[in-house]
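Dear colleague,

I am handing over the structure below, together with an account of what was found in it. Please look through the sequence and the model first, and then read on.

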Amino acid sequence: YSDRPAAFSRADVQLAETMASHVAAAAHRRRAEAHLRESRNQLEAIFRSVTDGITVQSPDGAVVYANEAAARFSGFASLEEFLATPVAEIADRFEILDELGAQLPPSELPGRIALVEGRETERLVQFRSHETGERRWSVVRATPVFDDGGRVRLAINVFQELTHERRAEERLRVLADAGRTLSSSLDVDDTLAEIAHLVVPAIADYCLVDRLEEDGTLRHVVHVHVDPEGEATLDEIRRLYPVLGNPAHPVAKVVATHEPLFEVESAERALDNISLDEVHRALYRRLAPSSFLAVPLVTRGRTLGAISLGTTTGSGRRLDEEDLKLAQELAERAALAVDNAVLY
């Protein structure tokens, strides 16, 4: 438009056409960005809802995307913290092992194979936390994404956690091994010691077995701990503070009531409460229990002793209801074996 008489030249028309094409391009780009943003938001909502961990790596190995499940799996409190941490620092948090427990070189990880060799791959990987000692299992599947030139542009990693399934398999294996052990010997103390070694470290961080004698005294048979210092602490506790001198002790309660005892929420506070003095309390705090349970050895209506299991804050593990069921099953089999040996 002109506010006075004028004639537009061809150059004016070309200028208007150029301006119009720029406006059209900007409008198209804004519309495309809106669609892309909507698609990304939808994809983000989907990724947030899935339980599998998902990460995307650039060719240099840096993590350019991750969902919240991946952050939780790696031990981070938030996704933002996870994405802000260099990938080398994330890797340093874990000892990475193969299915058999052997060290797994970084070059053999599925994500690295996807980036370097450009092929999809998957394998079962164990991750052991250096900080807590907790061990987790995951099937890791990596898929390469190529650019128009056929070069690997990204690698998409999916972590399907199998920790629960592997622990269930571990429990079944412990029961099977216990069955063979209990039927192989009539030496009661040796058999009970073998049971303690089967349980640690497969299920618990430490295990104690006590046996009730015919005269009513409670004799400590064995204690096993994953850590030599922890085993020394258990030895000191049992040497200085016998169970029968403390009616509030979990083992004394289990033997008296014939009922299991399970403490998972406030194990350290519960053991603090049964301490007889400050030295006793200090020893329990050195043990640093995060959960414990005790189950009676009962057969034909008689209590023959008790098996105690515990985890420590250092391992990051906690006993659960499935572990309690396993301990009760072990105690039933062990009680029967003890009874048979005594009868023999």
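In this predicted model, helix 6 (residues 163-182) packs with helix 7 at an angle of about 165°, their axes being 10 Å apart; the axes are lines fitted to C-alpha atoms, for helices over the stretch in contact, and angles run from 0 to 180 degrees between N-to-C directions. Helices (H or I, at least four residues) and strands (E, at least two) are DSSP runs, numbered from the N terminus. Helix 6 and helix 7 are therefore roughly antiparallel to each other (under 35 degrees counts as roughly parallel, over 145 as roughly antiparallel, 65 to 115 as roughly perpendicular and the rest as oblique). The residues that meet are Val174, Asp177, Ala178, Thr181 and Leu182 in helix 6 and Thr191, Glu194, Ile195 and Leu198 in helix 7, where contact means heavy atoms within 4.5 Å. They divide into 5 nonpolar, 2 polar and 2 charged, with Ala, Val, Leu, Ile, Met, Phe, Trp, Tyr, Cys and Pro counted as nonpolar, Asp, Glu, Lys and Arg as charged, and the others, Gly among them, as polar.

A second pair is formed by helix 8 (residues 228-240) and helix 11 (residues 278-287), whose axes come within 9 Å and cross at roughly 155°, which makes helix 8 roughly antiparallel to helix 11. On the side of helix 8 the contact is made by Gly230, Thr233, Leu234, Glu236, Ile237 and Leu240, and on the side of helix 11 by His280, Leu283, Tyr284, Arg286 and Leu287; these residues divide into 6 nonpolar, 3 polar and 2 charged.

Some backbone details also deserve a look, since most residues other than glycine have a negative phi, and most peptide bonds are trans. Ala288, in the loop between helix 11 and strand 10 (289-299), has a positive phi near 55° and is buried, with a relative accessible area of 16% (buried means under 20%, exposed over 50%, partly exposed in between, with a 1.4 Å probe and protein chains only). His258, in the loop between helix 9 (250-257) and strand 9 (261-263), has a positive phi near 65° and counts as partly exposed at 36% relative accessibility. Val200 and Pro201 are joined by a cis peptide bond, with omega about 5°, and Pro201 lies in the loop between helix 7 (188-199) and strand 7 (206-212).

As for confidence, the mean pLDDT (the predictor's confidence in each residue, from 0 to 100) of the protein chain is 85, and 95% of its residues reach 70 or more.

Residues are numbered from 1 along each chain as its sequence is written, and side-chain values use heavy atoms, with hydrogens and water left out. Local features need pLDDT of at least 70 and side-chain atom pairs count only at pLDDT 80 or more, while totals for chains, interfaces and linings use all residues.
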